[in-house]
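Colleague: I have a chain open here and some questions about it. Can you go through it with me?
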Amino acid sequence: MITVNSDTPYLGISFAEVLGIDTIQNLREGFGMMGMRFTGKPNKAGIVKAYDEYVKGNSADVLRCLRPEELQIMSNILKQGRGGHFSVKGTQLYNQLQKMNLVVSREDKQKDTTDFYVIDELHDLFAPHIDEVMAHPVDYSTDKTQKTPLDAVIFEISYKCRELVAHIDDWTKRKHPKEFSRKERDSFGRALADYDDCLEEYTDKLTTLIAATPQGFGKRQNDIERIKNTIKSVHDVIDHMQTLLDAIDGSDAIEGKSDDKDSITPAERAELEQVLQSKEFKDVIDRITRDRMDAMEEAQRAEREDGPVKFLPAFTKHPAKYPPMKESYCATRLVRPRVFEVTLPLEDGLFFIVYFNFLEQNGYTQATCYWGNIFDFAQKAAAEPYPGAGYVMLSKPFRKKYPHVAAVYGMHDDNQDCTKPYLTTIGWEHQPKEWFLSVRLYNFDYVKLVTFSPLDCPEVIEAIDELKKASLAMVHDIQRSDAKTPKQLMTELFGL
């Protein structure tokens, strides 16, 4: 975000140059406010390019992602034509417009005001759409769109709450806080205070969003109440942990282990001991333990499994584990300590199966689905586009007949990191090579996926969506072709 302290900012700068000044973390956050996210490990140039192209190609959608107050500010600026600005009270403001790099600002510390400007390039993009967007605002009280600020905030808070509980559990599973050294207790106490501040920030964010939105949230009340209860539960965990640390410090003081000269009375010590033995505190510890117990049991069972992994087909009517009817849209199963299975229900009793293989030595997790020997017929049409190319392409007649298969076949030079779906043969654990459609996830926390849920991993959700879309498109290619063998193989493997 660009902020100047004096003079009018230069508005002839390109949007890409504006983005290039910001940090990678801020760019990711701004992109997330538009309901978008990056996969893999793009460098800053790649992030800037994607950000720039998305805003220029979806300018009306970008405006619809703004909260009402920011949308009104944007309208006020655009109505004044190029070079116009809008002033607000206060300096060092960081609102949604600034975080998304849609405005540049000029601070006047003497007047305690900030002037917002829109660069010329964005002015020409947004001006034709602002009246339509203002006349037909997004109805935040419905869940028709997945790009509303409410959805983004609810997801962000849910993810952060689970992350905080995991951090607390990581502290306590090593040893009981009573066994912490004084230095460890101080570090843990500071961490708890930081966690609490973080939750307060998210609570304020949710409150501000609801207060600033005139449309109301009647139909989303259950979602809002659920996330508020989640915040309260994590607050309770932190409060009890802080109380425990205080009790331990008080106990050390009585026994002469503390450097503090002040002491507490026997009555106060009894009160602190009562906290340690209270049902509420034990319930908190039990709750954290239960949250991890299922994952621990799954890991122990998977560790005992022997022999090669038997992958289920990408599409099947007979999954190993059925998704629960109410609680989740997917079912999960730890097949091996490094192989995680996710099952999603489709239509007509059909399920889509994706596996996440943690390849530590390779430095990535591979999301993949199994296609047996269906695509053996494609190899006859494959050849190097030129000698020494290092990769193969399918013949022009094949690409015309099977466009979606051709789009993912092999490792294209424009997909060298394999962060988009690609179709290759793989021989897992010395098994015969068969066809798999895969995506590689870099800088991905596999442990978080296994411990929590795919719903808490944006990279997982996106990988599954990409694999499912590509898989359905390939099925369509084969079904509408006149080739009998792949149709027969697909019927045998999938039951389609």
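Colleague: Which helix is E70 found in?
Modeller: E70 belongs to helix α5, residues 68-78. Helices are DSSP runs of H or I with at least four residues, strands are runs of E with at least two, and both are numbered from the N terminus. This is a predicted model, where local features need pLDDT of at least 70, side-chain atom pairs count only at pLDDT 80 or more, and totals for chains, interfaces and linings use all residues. Residues are numbered from 1 along each chain as its sequence is written, and side-chain values use heavy atoms, with hydrogens and water left out.
Colleague: Is E70 buried or exposed?
Modeller: Buried, with a relative accessible area of 2%. Buried means under 20% relative accessible area, exposed over 50%, and partly exposed in between, using a 1.4 Å probe and protein chains only.
Colleague: What is E70 in contact with, leaving aside neighbours within four places in sequence?
Modeller: N95, Q96 and L97. Contact means heavy atoms within 4.5 Å.
Colleague: Now strand β3. Which way do its residues point?
Modeller: V104, R106 and D108 point one way, S105 and E107 the other, and all are buried.
Colleague: How does β3 pair with β4?
Modeller: In the antiparallel sense, over five bridges; two strands pair if DSSP finds at least two bridges between them. V104 stands opposite Y117 in β4. The two strands form a hairpin with four residues between them, and D112 in the turn has a positive phi of about 55°.
Colleague: What is the mean pLDDT of the chain?
Modeller: 77, and 74% of the residues reach 70 or more. pLDDT is the predictor's confidence in each residue, from 0 to 100.
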